[in-house]
Amino acid sequence: VYAKNPIPVEIRQQIMSPFMSLMEYNNQFFETEDDGILKNGLGIEFIYRNLSDFKLMMEKLFNLEVNRGYSTCFLDNLLTSKIIYDPQKSYRNLQDTYRFKDKQDLYSKIITQNIPLIYGTQPALFDQVVKAVKRQDYPAVNHRLAEYFSLYFDTLFAINHVNHPGEKRMLEKAVSLPKKPVNLKERVDRIFKELTKDSYLEDLKLLSLE
């Protein structure tokens, strides 16, 4: 839900409560959210964003102020959202602005920014995973691999000139890309099935190099 001003929690409760079996209002863990379960059993999540702040975020992105990992998620969200109600066409105009905007420099920045941290430099995440595996530091292995793959998929989507679709089903979407490493799914599956063993490190290295 994009708005110019915050929608009072009391108004949100009044609108939604008749349809909910469970609802938590105004969670602030990530963004401003109302999270709950409809009476038919379906989970539902309302996220509230300030439209001006979102426009500024897009401007910064195309000025190449790029996050490391998940860098084009909000852009993908903008361009793939189905508009339900937009009487002033504020969101539609924003979609039209960025749907046809040249993204070559953006993708190039993502690639050049991420690759040194994936493999080949002293602080590269590949080397951090290797060290964590050697010392059998299970939380660190998990944490470093999560960081590695956030940058890895971010880069892979950018190489294919595709916006990052978000943290869910990344591998499922990546296997359909035209430019990708050989046996991508099999290698990633093997890595996560053998987290604390060194047997998958060659797969991780090949993913980095290819």
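Which handedness, left-handed or right-handed, does the crossing of H9 and H10 have? In this predicted model, the crossing of these two helices is left-handed. Helix H9 spans residues 184-193 and helix H10 spans residues 201-209, and their axes come within 9 Å of each other while crossing at roughly 140°. Because angles over 145 degrees would be needed for a roughly antiparallel arrangement, H9 and H10 are therefore described as oblique to each other. On the side of H9, the residues that take part in the contact are Leu184, Arg187, Val188, Arg190 and Ile191, and these meet Asp203, Leu204, Leu206 and Leu207 of H10. By class, the residues of this contact comprise six that are nonpolar and three that are charged, with no polar residue among them.

Several secondary-structure elements each supply at least two residues of the lining, namely strand E1 (2-3), strand E4 (43-50), helix H2 (51-62), helix H3 (73-80) and helix H4 (90-99). Of the contributions to the lining, the largest share comes from H2, which provides six residues. When the lining of the largest pocket is divided by class, 21 residues are nonpolar, 15 are charged and eight are polar.

Methods
Residues numbered from 1 in each chain as written. Predicted model: local features only at pLDDT ≥ 70, side-chain atom pairs only at ≥ 80, totals over all residues. Heavy atoms only, no water. Axes fitted to C-alpha atoms, helices over the stretch in contact; angles between N-to-C directions. Helix = DSSP H or I, 4+ residues; strand = E, 2+ residues; numbered from the N terminus. Parallel < 35°, antiparallel > 145°, perpendicular 65-115°, else oblique. Left-handed = near helix turned anticlockwise from the far one by under 90°. Contact = heavy atoms within 4.5 Å. Nonpolar A, V, L, I, M, F, W, Y, C, P; charged D, E, K, R; others polar.
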